[in-house]
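This briefing is meant for a reader who is meeting the structure for the first time.

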Amino acid sequence: MKKRFLSMILSLLLALSAASPAFAEEAALYIIDQKNVVGNALAQLNQQAEEIKDTYGMVVSWAIVDSTGGTGTAAYAEQIYQACYGDADGILLIFSEEDAEWYLYQSGKADDLFSSADEDALWEAYGDCQYYDDGVEAYLNTAQEMLEAKAGGSSSEAAETVESAEP
């Protein structure tokens, strides 16, 4: 009887120790790839986008989706952005395969920070590449260069420039 009771207690303790919650913070997702077109580059691209966010205080995100569920690419981009980043300043370049449509969504101070010439340069950087992963990397690099240039070349000044942009 004692062995059975001891075994039950040890089993319970073992089960409880395995169920302890993990408090690790989940990494943000900046590259949303429903079509699995960036493949093995996904982690590296997410890391690059996270570094841009950490350095400049600006979300630079990219997404490819199967469908917008009939809402249209612009409205769907806003929904995705709000769900992932809330009201954070940033941009999201999205492609809906079903609608065969691209859209560049801008949130917060990004609307004033990125001119229409900047938008064209972002599109061009992405579109000039033959492969999705190369295109996403070129888009991220171009956005980073623009943020750095707007800050006069200094990373610490860049965050201040983004923060002081007129809404």
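Helices and strands are here DSSP runs, a helix having at least four residues and a strand at least two, and they are numbered from the N terminus. Read in that way, the elements of the chain follow the order α-β-α-β-α-β-β-α-α-α-α from the N terminus on. The model is a predicted one, and its chain has seven helices and four strands.

**The chain as a whole**

- The chain has 167 residues, and buried residues account for 37% of them.
- When contacts between residues at least 6 apart in sequence are considered, 62% of them join residues that are at least 24 apart.
- The chain has an accessible surface of about 9700 Å², and carbon and sulfur atoms contribute 51% of that surface.

**Two packed helices**

- Two packed helices are described by the angle between their axes together with the distance between those axes.
- Helix α2, which covers residues 42-56, packs with helix α6, which covers residues 132-150, at an angle of about 10° and with the axes 10 Å apart.
- Because angles under 35 degrees count as roughly parallel, α2 is described as roughly parallel to α6.
- On the α2 side the contact is made by Q44, L45, Q48, A49, I52 and Y56, while on the α6 side it is made by D133, V136, E137, L140, N141, Q144, L147 and E148.
- Sorted by type, the residues in this contact of α2 with α6 comprise seven nonpolar, four polar and three charged ones.

**Salt bridges**

- The structure holds three salt bridges, and K35, D66 and E97 are linked in a network of such bridges.
- In the bridge between D66 and K35, the side chains meet with an N to O distance of 3.1 Å.
- D66 sits in the loop between β2 (59-65) and α3 (73-85), whereas K35 sits in the loop between β1 (31-33) and α2, so this pair ties together parts of the chain that are 31 residues apart in sequence.
- D66 counts as partly exposed, its relative accessibility being 36%, and K35 is likewise partly exposed, with a relative accessible area of 29%.
- The side chain of K35 also meets that of E97 in a salt bridge, where the N to O distance is 3.0 Å.
- This second pair links distant parts of the chain, since E97 lies in the loop between β3 (90-96) and β4 (101-107) and K35 in the loop between β1 and α2, 62 residues apart.
- E97 has a relative accessible area of 39% and is partly exposed.
- Another salt bridge joins K150 and D118, whose closest N and O atoms are 2.8 Å apart.
- Here too the pair links distant parts of the chain, with K150 in helix α6 and D118 in helix α5 (residues 116-127), 32 residues apart.
- K150 is partly exposed at a relative accessible area of 32%, whereas D118, at 13% relative accessibility, counts as buried.

**A residue of strand β4**

- S107 is found in strand β4, and with a relative accessible area of 4% S107 is buried, because a residue counts as buried under 20%.
- Apart from its neighbours within four places in sequence, S107 is in contact with Y81, Q82, D87, A88, D89 and G90.

Key
Residues are numbered from 1 along each chain as its sequence is written. This is a predicted model: local features need pLDDT of at least 70, side-chain atom pairs count only at pLDDT 80 or more; totals for chains, interfaces and linings use all residues. Side-chain values use heavy atoms; hydrogens and water are left out. Buried means under 20% relative accessible area, exposed over 50%, partly exposed in between (1.4 Å probe, protein chains only). Contact means heavy atoms within 4.5 Å. Accessible areas come from the Shrake-Rupley method with a 1.4 Å probe; for residues, only the protein chains shown count as cover. Axes are lines fitted to C-alpha atoms, for helices over the stretch in contact, and angles run from 0 to 180 degrees between N-to-C directions. Angles under 35 degrees count as roughly parallel, over 145 as roughly antiparallel, 65 to 115 as roughly perpendicular and the rest as oblique. Ala, Val, Leu, Ile, Met, Phe, Trp, Tyr, Cys and Pro count as nonpolar, Asp, Glu, Lys and Arg as charged, and the others, Gly among them, as polar. A salt bridge is a side-chain nitrogen of Lys or Arg within 4 Å of a carboxyl oxygen of Asp or Glu.
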